[in-house]
Amino acid sequence: MTADLTQPNTGTGGVDGGVGVTALLVAAARAIETHRPDSLAQDLFAEHFVHSAPASAGWPVRIDQVPDGDANPLWGRFARYFGLRTRVFDDFLLQAVHAGAHQVVLLGAGLDARAYRLDWPAGCVIFELDREGVLAFKHRVLKGLAATPKAARVPIPTDLRADWVRALTDAGFDPAAPSAWLAEGLLFYLPGAAETQLVTAVDRLAAPGSELAFEVKLDEDLMAHRDSPLYTETRRQIGIDLLDLFAKEARPDSAGDLARRGWSTSVATPYEYTVRLGRGPLPEPNDALGGNRWVFADRRTP
């Protein structure tokens, strides 16, 4: 089933319109971040995605379009979280390609425009995997802007619960060469078994010198903050119940699994990067972001 970017969330576990609208939410957050005077990340394409879909056409793309500004739990704190996450994963990918991993695989690429907005070294190839509807919408908007990617871009319409490995290798991915992998805002929505299969597949495809980053949420945190302002305001303002979209079963220890497979891993909270970069969300009571973790792994060259 492809994602439908033109309809509001239907609350069906993130396999149809809900994922599409959450992709638009991230795009709106990136647009707001882009226009901040202390911006952490720049994405000049993001607001065009927001304005091009009926589901999000009336959403803000600048913080001054939000009556209560940064005090708004959704368009203030939550959007700033997405801006921080974008910056951290941008930095991760650029560091990885400059270290020699010239194949970049974006798992669940959504409306990410990294192929167009980051300065890639010569020879980089960006593989974007997502549902056909998401990639088709992205293509229409970017084509309308006459946008040109800054690296070779290979969109791969596929369901990450299906045989995406074959689709990736058929599209030219070389398992013998180092690669950089990113699963940003993806694993929350996958059943635990699908997450394990995905990590196992990356382990099989990643040559020495490869790197991987992904985002997880602690099990005990998932439902503990259902009445957090971040969740309640997202439901009230744009009709998305994120907790209905998240997979509910116990999560696998993917970082530990990678370590057992010989990867070097580290786990960080977003707040560590807020301190490091000097801006971003900080902890608060009843904190829906408190269980979020960013995992970084590298398969060292022998």
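Two strands pair here if DSSP finds at least two bridges between them. Keep that in mind for the views below, all of which come from a predicted model.

**View 1. Strand 5 meets strand 7.**
Strand 5, residues 211–217, pairs with strand 7 in the antiparallel sense, and the pairing runs over seven bridges. In one of these spots, Leu212 has Ala297 of strand 7 as its bridge partner. Strands of a sheet pair through backbone hydrogen bonds, in either a parallel or an antiparallel way.

Is Ala297 buried or exposed? Ala297 sits in strand 7, and its relative accessible area is 2%, so it is buried, the cut-off being under 20%. Leaving aside residues up to four places away in sequence, Ala297 touches Ser210, Glu211, Leu212, Leu258, Trp263, Ser264 and Thr265. Leu190 is another story: it lies 107 residues from Ala297 along the chain, and the C-alpha atoms of the two are separated by 20 Å.

**View 2. Helix 3 crosses helix 8.**
Helix 3 (residues 73–98) and helix 8 (residues 229–238) have axes that come within 9 Å and cross at roughly 125°. The two helices are therefore oblique to each other. As for handedness, helix 3 passes helix 8 in a left-handed crossing. On the helix 3 side, the contact is made by Pro73, Leu74, Trp75, Arg77 and Phe78, while helix 8 brings in Pro229, Leu230, Glu233, Thr234, Gln237 and Ile238. Looking at helix 8 by itself, Leu230, Tyr231, Glu233, Thr234 and Ile238 are buried. Just after helix 8 comes Gly239, with a positive phi of about 75°.

**View 3. Helix 3 crosses helix 11.**
Helix 3 also meets helix 11: their axes come within 10 Å and cross at roughly 80°. That angle makes helix 3 roughly perpendicular to helix 11.

**View 4. Two loop residues with positive phi.**
Ala146 isn't a glycine, yet it has a positive phi of about 55°. You'll find Ala146 in the loop between helix 5 (132–144) and strand 3 (152–157). Ala146 is exposed, with a relative accessible area of 62%. Now jump to the loop between helix 11 (270–277) and strand 7 (292–298), where Asn286 is found. Asn286 is a residue other than glycine too, and its phi is positive, near 50°. With 29% relative accessibility, Asn286 counts as partly exposed.

Across the chain the mean pLDDT is 91, and 92% of the residues reach 70 or more. The stretch to treat separately is residues 1–19, where pLDDT stays under 50. For residues 1–19, the model has 48 contacts beyond four places in sequence.

Methods. Residues numbered from 1 in each chain as written. Predicted model: local features only at pLDDT ≥ 70, side-chain atom pairs only at ≥ 80, totals over all residues. Heavy atoms only, no water. Helix = DSSP H or I, 4+ residues; strand = E, 2+ residues; numbered from the N terminus. Buried < 20%, exposed > 50% of the residue type's maximum accessible area, 1.4 Å probe, protein only. pLDDT = per-residue confidence, 0-100. Contact = heavy atoms within 4.5 Å. Axes fitted to C-alpha atoms, helices over the stretch in contact; angles between N-to-C directions. Parallel < 35°, antiparallel > 145°, perpendicular 65-115°, else oblique. Left-handed = near helix turned anticlockwise from the far one by under 90°.
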